[in-house]
Amino acid sequence: EKPSKRQKTMPQEEVAESHTRMTKYHNLANLPSGSTIIPSQQAKLDAMTLVWLHKSFRPFRLVEDKGFRDLLTFVSTLNGQIRVSNSDAIPKLSLKLSNGWDEKIRALIRDEVDYYSITADMWGPPEEDASSQSFGAISLHYCSGDFETKTIILRVEPLPKSVGVDRTSELLVKTFEAWGLETTKLAMLMRGNGPTLPQACSIFEAPSETV
């Protein structure tokens, strides 16, 4: 992949400045023992990281993410060119690698989740746009034994452009059943502005509010 124009023309003083600003993130790749990176390479890595964060509107703390660091650590051990999967291949790869995760998440919910809240939302294109897809999503929120707030995305599903109350209720009920959620432990059901959500959520005894 060719470097961007921004990377080609970055002044030396700007590289040096970004290098200084990124000092705390030096050695992002955690190079294996015996490998070295010269200062000019480190400065370029820091500068390219900073440009990527700014252009992609990513938070600076992303460089501290363990997955990001593990990825760089692995890449730093490779020789020659690598091939990055494109956006069409990633969903297929995700489905392949997610095999078995449903049961792990079910076990986590069973062992760790007591009382919980649910967010249900629907979104789609403007009415005049008949070509785009609508979606529904359901998320679970709970507090762990260590008092950490955690969220699990239970379902994201394409929907017909016009979805009735019955279909929305069915989506909610099937999600609860699929993940073994006890409705008696539902503390709050937060919903989006979808026109069918208020009535569909009324089948549960838990309080429901629009967010």
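This is a predicted model: local features need pLDDT of at least 70, side-chain atom pairs count only at pLDDT 80 or more; totals for chains, interfaces and linings use all residues.
Local features need pLDDT of at least 70, side-chain atom pairs count only at pLDDT 80 or more, and totals for chains, interfaces and linings use all residues. Numbering starts from 1 along each chain as its sequence is written, and side-chain values use heavy atoms, with hydrogens and water left out.

Visitor: In what order do the 5 strands form the open sheet?
Guide: Strands are DSSP E runs of at least two residues, helices are H or I runs of at least four, and both are numbered from the N terminus. Two strands pair if DSSP finds at least two bridges between them. The pairing here is mixed, and the order is S3-S2-S1-S4-S5.

Visitor: Which strands stand at the edges of the sheet?
Guide: An edge strand here has a single partner, so one side of it is left without a neighbour in the sheet. The two are S3 (149–159) and S5 (208–210).

Visitor: Which residue in S3 is the bridge partner of Ala 137?
Guide: Strand S2 (residues 134–143) pairs with S3 in the antiparallel sense, over 10 bridges. In S3, the partner of Ala 137 is Val 156.

Visitor: Is Trp 52 buried or exposed, or partly exposed?
Guide: Buried means under 20% relative accessible area, exposed over 50%, and partly exposed in between (1.4 Å probe, protein chains only). Trp 52 has 32% relative accessibility. Trp 52 therefore counts as partly exposed.

Visitor: What is the centre to centre distance of the aromatic pair Trp 52 and Phe 68?
Guide: Rings of Phe, Tyr and Trp (its six-membered ring) pair if their centres lie within 6.5 Å; planes under 30 degrees apart count as stacked, over 60 as edge-to-face and the rest as tilted. Trp 52 lies in helix H3 (residues 39–55) and Phe 68 in helix H4 (residues 66–76), so the pair ties together parts 16 residues apart in sequence. With 15° between the planes, the pair is stacked, and the distance is 5.7 Å.
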